[in-house]
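Dear colleague,

Please find below the structure that I am handing over to you. My findings follow directly after it.

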Amino acid sequence: MTQNRTRRSKFSALALASDHYGTLKNFQTGRYSPADVAIHFGVPAALAALVWALGATARNIPDVLAAVAIFTGLIFNVFVLIFDLTARATDKLEGESRALVDRLADELRANVSYAVLVGIVFTAILGGVTMFIDTDKPLGVAMTALASTLR
């Protein structure tokens, strides 16, 4: 995974997504884990379907925007903390232990980076909604389903 990442731009959203989806693979077989894929895609799809079926609509979008922006900032802080802790931990390890910790740290960084990316995209979408749509009225069902999918 590290070799692929070094060939890509460090600021590429596609590289972040690719690295994240690469972590859905089984550690030993290298194939995608059906359970991981089902949870990653199935839970948001089921939530969106439930929102659609119930005809639910989102309200208080500016408050949701503030919460998402704060949560995204907190996740970014977790990313910085993980980077610092793994750098210190791997300096003290040798051999096979270091390789395993490096791999797990790479996967964790890929997942947290993807969460930050999703948070930024979600913040941008909600920011656009807040700027261009009357937020006194609830969102439509389709937009609410999209928002619940992005979680």
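Of the 151 residues of the protein, 27% count as buried, where buried means under 20% relative accessible area, exposed over 50% and partly exposed in between, with a 1.4 Å probe and protein chains only. The model is a predicted one, in which local features need pLDDT of at least 70 and side-chain atom pairs count only at pLDDT 80 or more, while totals for chains, interfaces and linings use all residues. Residues are numbered from 1 along each chain as its sequence is written, and side-chain values use heavy atoms, with hydrogens and water left out.

The secondary structure comes to six helices and zero strands, so the order of elements from the N terminus reads α-α-α-α-α-α; helices (H or I, at least four residues) and strands (E, at least two) are DSSP runs, numbered from the N terminus. The C-alpha trace spans about 60 × 30 × 25 Å along its principal axes. Among contacts with a separation of 6 or more, 72% come from residues 24 or more positions apart, a contact being heavy atoms within 4.5 Å.

Helix α5 (residues 95-132) packs against helix α6 (residues 141-150) at an angle of about 160°, and their axes are 10 Å apart. This angle makes α5 roughly antiparallel to α6. Axes here are lines fitted to C-alpha atoms, for helices over the stretch in contact, and angles run from 0 to 180 degrees between N-to-C directions. Angles under 35 degrees count as roughly parallel, over 145 as roughly antiparallel, 65 to 115 as roughly perpendicular and the rest as oblique. The crossing of α5 and α6 is left-handed; the term applies if the near helix is turned anticlockwise from the far one by less than a right angle, and right-handed applies if clockwise. On the α5 side the contact involves Val118, Phe122, Ile125 and Val129, which meet Met143, Ala147 and Leu150 in α6. These residues divide into seven nonpolar, no polar and no charged, with Ala, Val, Leu, Ile, Met, Phe, Trp, Tyr, Cys and Pro counted as nonpolar, Asp, Glu, Lys and Arg as charged, and the others, Gly among them, as polar.

Helix α3 (residues 34-54) and α6 pack at about 155°, with axes 8 Å apart. That angle makes α3 roughly antiparallel to α6, and the two helices cross in a right-handed sense. Pro44, Leu47, Ala48, Val51 and Trp52 of α3 make the contact with Val141, Ala142, Thr144, Ala145, Ser148 and Thr149 of α6. Here the division is eight nonpolar, three polar and no charged.

Ser148, in helix α6, counts as buried because its relative accessibility is 14%. Its side chain reaches the backbone oxygen of Ala145 at 2.8 Å, a polar contact being a pair of N or O atoms within 3.5 Å; within protein, one must be able to donate a hydrogen and the other to accept it, and residues adjacent in sequence count only if both atoms are side-chain atoms. Beyond its neighbours within four places in sequence, Ser148 is in contact with Leu47, Ala48 and Val51.

Some further local features may be of use. Ser12 caps the N-terminal end of α2, with a side-chain oxygen 3.3 Å from the backbone nitrogen of Leu14. In helix α2 (residues 13-22) the buried residues are Ala15, Ala17, Asp19 and His20. Asn60, in the loop between α3 and α4 (61-91), has a phi near 55°, a positive value in a residue other than glycine.

Yours sincerely
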